[in-house]
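Let's take a friendly walk through one protein model together. Keep the picture open beside you as you read.

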Amino acid sequence: MNSTTGNLKVADKAMDLPLKKGTIGPDVLDIAALYGKTGMFTYDPGFTSTASCESAITYIDGDKGVLLHRGYPIEQLAEHGDFLETCYVLFHGELPTAAQKADFDYRVTRHTMVHEQMARFFHGFRRDAHPMAVMVASVGALSAFYHDSTDITDPQQRMVASMRMIAKIPTLAAMAFKYNIGQPFVYPNNTLDYTSNFLRMCFAVPCEDYKVNQVLARALDRIFILHADHEQNASTSTVRLAGSSGANPFACIAAGIASLWGPAHGGANEAALKMLGEIGTVDRIPHYIARAKDKNDSFRLMGFGHRVYKNYDPRAKIMQKTCHEVLAELGINDDPLLDVAMELERIALHDDYFIEKKLYPNIDFYSGITLKAMGFPTNMFTVLFAVARTVGWIAQWREMIEDPHQKIGRPRQLYVGAPKRDYVPISKRREA
Ligand code: SDX
């Protein structure tokens, strides 16, 4: 890391602080010594100007709409590789050779089953439990089944836990889906690739053979690639903060799933489809655009806007292309939701409000239409996001654990509560 010095003047104090340069992207001012030198904290609640860590995994240029995983553009990974290759790149840092890819696929495939007792764990839920609630619980419960890979100080156990997480998350997701719709669980089939296996676990039933549609499998595999990692987003930051205390990887991933569930984050794909359904027809779009612009209305266009992308989300372009491929494969050429989505995008991209605030469709805008066409219910959309993002979370968790300078994350605050005051016995307190 190249370092020079930045000069900072705070109140009547001037000081030199280290400036750090990355490979690409903004430099950072290392403020670790600021409190010691000034007695002041920085204040940045949404971390809009704060780098929480050094990372070599993913780089985003929000102004140019660029997304790189270990330097490889998302467009190229999505076009030429499969999801497990992207998992390898995120996890190991390089494109795998043919032998490395075959070994990685083999090892993931042979960790896809979950402990048989997990099936009984699911039966504690009501059938109508939201699948994300089931995922938060069941992933956290993995640490109760796999004690032999929870010692985070042991590199071998970290590797085993990481492979188990990547391999078992689709199985748990399929089990959450089957439980929700009242169908029997389907075991993994080791003769199938990762995404075909997942589709079969979701849609096969014991009473007839199931043939995976390879066009849909390829489309879903590409959707997984698009969702694999995205630098220090809310859920990844949650995983890192949980992991910084030494919590086991399964508990950290469960924390990430909990954060992803929010409609401002991974829950936006479910919320975007519900919004398109509420709009219903193209003629009602202007009313919703007006609501989105109304400061007194909390309504936002779900699937639009991004903290980092102030240009088109590169993933959204590929997502839109995949959406059309899936609808064409399924012979769906009159989906009213797609008509509303495309007209809403066209209007928004020409509206001064959205142009001025640099609000573009993000990855969640077209994913809901695509997943619904594939047969997934709305409550499974964020689960699918979690299946894909698990590799990003585990790669970032491992990078943090293996950072020799890693320490527990413990932010400070600006205190705005009551000043020091003495206790008053209840007999002397006045009724309001
Ligand atoms: C994901 O971080 C990641 O990388 C996340 C993610 C990943 O892969 O991990 O990319 C996945 O979470 C994508 C985002 C999915 N969320 C949504 O689609 C929900 C709708 N979008 C918004 O809630 C919002 O755009 C956020 C949360 C995504 C970003 O919010 P910011 O960066 O905090 O921006 P902001 O709320 O400060 O908005 C800036 C302005 C505001 O207006 P002013 O107060 O300046 O007048 O833009 C407006 C907002 O009101 N605005 C919107 C809007 N998003 C922002 N107005 C209408 N509709 C919207 N969607």
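## Around the ligand

In this predicted model, 24 residues surround the ligand, and the closest are H230, H306, R307, R315 and R389. Which kinds of residues make up the shell around the ligand? The shell divides into 10 nonpolar, seven polar and seven charged residues.

Now look at some individual contacts. In the side chain of R389, an N or O atom is 2.7 Å from an oxygen atom of the ligand. The backbone takes part too: an N or O atom of the G303 backbone lies 2.8 Å from a ligand oxygen atom. Y353 has a polar side-chain atom 3.1 Å from a nitrogen atom of the ligand. On its own the ligand has 1100 Å² of accessible area, and the protein covers 78% of it.

## A nonpolar patch on the surface

Y43, L414 and V416 make a nonpolar surface patch of about 410 Å². You can find L414 in the segment after α18 (381-401). Is L414 buried or exposed? L414 counts as exposed because its relative accessible area is 58%, and the cut-off for exposed is over 50%.

## Two positive phi angles

Most residues other than glycine have a negative phi. Against that background, have a look at F47, whose phi is positive, near 55 degrees. F47 sits in the loop between α1 (34-38) and β4 (58-61), and with a relative accessible area of 54% F47 is exposed.

R70 also has a positive phi, near 55 degrees. Where is R70? Look in the loop between β5 (66-69) and β6 (72-73). R70 counts as partly exposed, at 23% relative accessibility.

Technical notes:
Residues numbered from 1 in each chain as written. Predicted model: local features only at pLDDT ≥ 70, side-chain atom pairs only at ≥ 80, totals over all residues. Heavy atoms only, no water. Near = heavy atom within 4 Å. Polar contact = N/O pair within 3.5 Å; in protein donor to acceptor, adjacent residues only side chain to side chain. Areas by Shrake-Rupley, 256 points an atom, 1.4 Å probe, with all protein chains shown as cover. Nonpolar A, V, L, I, M, F, W, Y, C, P; charged D, E, K, R; others polar. Patch = residues over 30% accessible without salt bridge, like charges linked within 9 Å, V, L, I, M, F, W, Y side chains within 5 Å. Salt bridge = Lys/Arg side-chain N within 4 Å of Asp/Glu carboxyl O. Helix = DSSP H or I, 4+ residues; strand = E, 2+ residues; numbered from the N terminus. Buried < 20%, exposed > 50% of the residue type's maximum accessible area, 1.4 Å probe, protein only.
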